[in-house]
Amino acid sequence: MSEKRRILLIDDSEITLAMEKAVLEARGYEVIATSTLMEFEKTLQTWRPDLILTDIHMPEAKGTDICRTLKNEYGTQDIPIVLFSSLPDDELSKLAEQVGADGSLSKVNGLEAMGEKIDELVQSILW
């Protein structure tokens, strides 16, 4: 990768967020990790990611609602969004399709699998 691709993460678990960020940075991505909706929205105002990776089960907002909003209201319709959850792959894939997400990724498969899947998604969705 000549230019680092930018990924914006939102996950309410600080520990999971730190691990996700480390895995993606080790794979050559520039990553900003946010744990609150306010922090996420503030980041989007000043930093344009190439991909958004959002957990779907968070106390402040569901990732599905974030996806719907970004695809409709924020001038971010063209930024690919991937839903990230501990739901089984097939269930998560259906949910992603229903809310207009560009992809889905199950946490069940572990962090290393997450890095590989993000690489695949990035190539198929973005480049």
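Author: Happy to; we will look at salt bridges, then at a helix and a surface patch. Keep in mind that this is a predicted model.

Reader: How many salt bridges does a search of the whole structure find?

Author: Side chains of opposite charge can pair when their charged atoms come close. Here, the search finds eight salt bridges. One of them joins Lys107 and Asp11, with the closest N and O atoms 2.9 Å apart. Lys107 lies in the loop between strand 5 and helix 5, and Asp11 in the loop between strand 1 and helix 1, so the pair ties together parts that are 96 residues apart in sequence.

Reader: Is Asp11 buried or exposed?

Author: Asp11 is buried, because its relative accessible area is 0%, while Lys107 is partly exposed at 25%. A network of salt bridges links Asp11, Asp55 and Lys107.

Reader: Which residue meets Arg68 in a salt bridge?

Author: That is Asp65, at 3.3 Å from N to O. Both lie in helix 3, three residues apart, about one turn of the helix.

Reader: Which residues of helix 2 are buried?

Author: Phe40, Thr43 and Leu44 are buried in helix 2. They cover an arc of only 100° around the axis, so they sit on the same side of helix 2. The face turned away from that buried side carries the exposed residues Met38, Lys42, Gln45 and Thr46.

Reader: And which residues gather in the patch of negative charge on the surface?

Author: Asp12, Glu14, Glu39 and Glu60 do. Among them, Glu14 belongs to helix 1 and counts as exposed because its relative accessibility is 52%, with the cut-off for exposed being over 50%.

How values were computed:
Residues numbered from 1 in each chain as written. Predicted model: local features only at pLDDT ≥ 70, side-chain atom pairs only at ≥ 80, totals over all residues. Heavy atoms only, no water. Patch = residues over 30% accessible without salt bridge, like charges linked within 9 Å, V, L, I, M, F, W, Y side chains within 5 Å. Areas by Shrake-Rupley, 256 points an atom, 1.4 Å probe, with all protein chains shown as cover. Salt bridge = Lys/Arg side-chain N within 4 Å of Asp/Glu carboxyl O. Lys, Arg positive; Asp, Glu negative; His and termini not counted. Charge placed at Lys NZ, Arg CZ, Asp CG, Glu CD. Helix = DSSP H or I, 4+ residues; strand = E, 2+ residues; numbered from the N terminus. Buried < 20%, exposed > 50% of the residue type's maximum accessible area, 1.4 Å probe, protein only. Arc of directions from axis to C-beta.
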